[in-house]
Amino acid sequence: MPLTLTITLTNTNNSCATLDGYAIYLWHCTRDGKYSMYSSGVTGENYLRGVQQTDSSGQVVFETIFPGCYSGRMPHIHFEVYRDANTATSYTNKLKTSQVAFPTDVCSTVYNNASGYSASISNLASISFNSDNVFSDGVDQQLVTISGNVTDGYEAHITVSISV
C-alpha cells in the first residue's frame with residue numbers, strides 16, 4: 001500500500017521555526033513485519049530505509065509503503081534526526097530518535113483490504129497503544145495525520161520538534 005510521509009522539522013528553542021538542512025533517517029518493516037538488515041532471511045538486504053535533508057520549509061517527503069504490524073508492536077516508522085547529511089553516517093551523531101504511529105482505524109482498513117497484509121490483521125488485534133512497550137506512555141505527539149484510501153494510497157503528515 002503506497003504511503004507518502006511528510007515530516008516537518010521545527011526548533012522549540014526558536015518559536016518552532018522550521019529547520020533547513022537537517023537530515024532525517026527513516027526505516028520501517030515490510031508488510032510482513034520484517035526489517036531489512038535485521039530480520040532473519042533479510043540481513044543482507046537494505047530496503048525501506050532512507051535519508052533525506054529538510055528543505056527550506058523544514059520538510060522531507062518519503063515515498064514508501066504502509067508498514068506492517070508485527071507481534072507485540074503497534075504499526076510504526078522509526079526515525080533519527082541529524083544536524084546534516086554529513087553527520088547522518090553514524091548513529092552516535094543523532095540529535096533525536098523517535099517513532100511515528102498510525103491511527104488504529106486506518107491500520108485496520110489497510111490490513112483488511114490491501115493485498116499482502118494478512119499477518120498484520122491478527123497482530124493488530126492483539127495489541128493496543130496502551131500495551132505497546134514504546135507508545136504506552138502516550139502517543140499524541142507521535143501520531144500522524146493521515147488521509148487517503150486503499151485504492152489510491154495514503155498521505156501522512158507529522159511535525160517533529162527538537163531543541164537546537
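Two strands pair if DSSP finds at least two bridges between them. Strands (E, at least two residues) and helices (H or I, at least four) are DSSP runs, numbered from the N terminus. You're looking at a predicted model, where local features need pLDDT of at least 70, side-chain atom pairs count only at pLDDT 80 or more, and totals for chains, interfaces and linings use all residues. Residues count from 1 along each chain as its sequence is written, and side-chain values use heavy atoms, leaving out hydrogens and water.

**Stop one: E1 and E5.** Select residues 2-11 (E1) and E5: they pair in the antiparallel sense over 7 bridges. Pick Leu5, and its bridge partner in E5 is Phe62.

Now show side chains along E5, residues 59-65. Val60, Phe62 and Thr64 point to one face and are buried (under 20% relative accessible area; exposed is over 50%, partly exposed in between; 1.4 Å probe, protein chains only).

**Stop two: His28.** Jump to the loop between E3 (23-27) and E4 (49-53) to find His28. His28 is buried, at 2% relative accessible area. Its side chain makes a polar contact of 2.7 Å with that of Thr64 (a pair of N or O atoms within 3.5 Å; within protein, one must be able to donate a hydrogen and the other to accept it, and residues adjacent in sequence count only if both atoms are side-chain atoms).

**Stop three: H2.** Select 118-125, where Ser120, Asn123 and Leu124 are buried. On the other side, Ser118 and Ala125 are exposed.
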